[in-house]
Amino acid sequence: MMSTKHCMYNIFIRRLLIQNFLLVLVLSTSAVTSFSFKVNHPWSYVKHLQKQQFPTCNKNNDSSRCISNVKQQTVSNDTKQQQRLKPLFASSSSSKDQNERNWKVGDVTIRKAQSAILEIYGTYMKALDKKPLITKSITTAFVSVLGDRLAQGIEANTAGTVLVLNWVRLSTFFIAGGVFVGPFVHTWYEQLWKLGRWMERKYGSSKKLQTVVQVITDQTIGVAMFFPTYFYVYEAIEAAIGMRVPSFHMATAKCREQIGSVLLLQYYVWPLTNWINFAYIPESLRVLVSDLVAVMFNAYLCTLVA
């Protein structure tokens, strides 16, 4: 029987998994909605921006007249904004100047942060286009380390001891994520994507039917291939790092003991996650979305496998 602490640990992990999944669900849904609107309705999106920022400019305007209107509208908007902000800084001229300077500095800081985030995102997307396998493998390696670091912290907190990082374990999960999990998920998702395209060409199936078949295939064949293999990959890598002979007999015993708990938890999380992934997420970003959800799942999986 499991101890009370182990049961509390399982409950805590499941709560974190649910919170993490809901956060990713909200973020991915909003991002995909915005992405879909921009891609599928580009002219509507442009007109939407024009109406928000430059109401005097439309597609029938002469270009020079449009530029003039844009400048006038910008000046008018700036003047209105300054007038709205004046009461906030009316206490004294010195405090007003200081507050205005602080407001400008804060605005510049926010813009720089937004620019840096967009630059990082653009760099990541370019790397996905040029070297998708390597990019996804590296991403998965760091996600695996993050999950195990979180797992070790929770284990130490549950046991009431001081956290001492197990670097061999962290290194093992990093390498396993880079050489096995990342390439496996990348290749597997490509095959599922091809399965959907084949169904569309062969039978003219709808997107909904394709997604159903992809999720069922992933949660049966994919699960049967991935999880048992992961125990053996971990044992082989840990043995190589520890300079010892791998014990596949021990890996088999651990797999038989823990596979039920792993499968039970993964059926809580991954069917709905993959439904969203296959139905709404662009193919190049599916591994990234899976990695975001996998942070908390890996925290639980690391404890069982290690």
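Okay, hi everyone. Before anything else: this is a predicted model, so please hear everything I say with that in mind.

Let's start with the overall layout.

Now, charges. How many salt bridges does the count come to? It comes to 5, and I'll walk you through some of them.

Take arginine 169 and aspartate 148. Their side chains meet in a salt bridge, at 2.6 Å from N to O. The two ends sit in distant parts of the chain, with arginine 169 in helix H6 and aspartate 148 in helix H5, 21 residues apart. Are these two buried or exposed? Both arginine 169 and aspartate 148 are buried. For aspartate 148 the relative accessible area is 0%, and for arginine 169 it's 10%, so both fall under the 20% cut-off for buried.

Arginine 169 has another partner as well: its side chain meets that of glutamate 155 in a salt bridge, 3.1 Å from N to O. Again the pair links distant parts of the chain, with arginine 169 in H6 and glutamate 155 in H5, 14 residues apart. Glutamate 155 has a relative accessible area of 27%, so we call it partly exposed.

One more on aspartate 148: there's also a polar contact of 2.8 Å between its side chain and that of glutamine 152.

Next, arginine 197 and glutamate 200. They form a salt bridge too, with the closest N and O atoms 3.4 Å apart. Glutamate 200 counts as partly exposed, at 41% relative accessibility. Coming back to shared partners, Asp148, Glu155 and Arg169 are joined by salt bridges into one network.

The largest cavity holds about 410 Å³ of space, and 26 residues line it. Nearest its centre you'll find Val181, Val185, Phe226, Phe227 and Trp270. Which helix gives the most to that lining? That would be H9, with 8 residues. H5, H6, H7, H8 and H9 (286–305) each supply at least two.

Isoleucine 175 is in H6, and at 33% relative accessibility it counts as partly exposed.

Methionine 243 is in the loop between helix H7 (207–241) and helix H8 (248–280). Its phi is near 55 degrees, a positive value in a residue other than glycine. Methionine 243 counts as exposed, because its relative accessibility is 74% and the cut-off for exposed is over 50%.

And then leucine 272, over in H8, which is partly exposed at 45%. Leucine 272 and valine 215 are 57 residues apart in sequence, yet C-alpha to C-alpha they're 8.6 Å apart in space.

That's my tour. Thanks!

Key. Residues are numbered from 1 along each chain as its sequence is written. This is a predicted model: local features need pLDDT of at least 70, side-chain atom pairs count only at pLDDT 80 or more; totals for chains, interfaces and linings use all residues. Side-chain values use heavy atoms; hydrogens and water are left out. Helices (H or I, at least four residues) and strands (E, at least two) are DSSP runs, numbered from the N terminus. Buried means under 20% relative accessible area, exposed over 50%, partly exposed in between (1.4 Å probe, protein chains only). A polar contact is a pair of N or O atoms within 3.5 Å; within protein, one must be able to donate a hydrogen and the other to accept it, and residues adjacent in sequence count only if both atoms are side-chain atoms. On a 1 Å grid over the protein atoms alone, a cavity is a set of points where a 1.4 Å probe fits but cannot get out, and a pocket is an open set with protein on both sides within 12 Å along at least five of seven lines; lining residues have an atom within 4 Å of a point. Grid points are joined across faces, edges and corners, and a volume is the space filled by probe spheres set on the points. A salt bridge is a side-chain nitrogen of Lys or Arg within 4 Å of a carboxyl oxygen of Asp or Glu.
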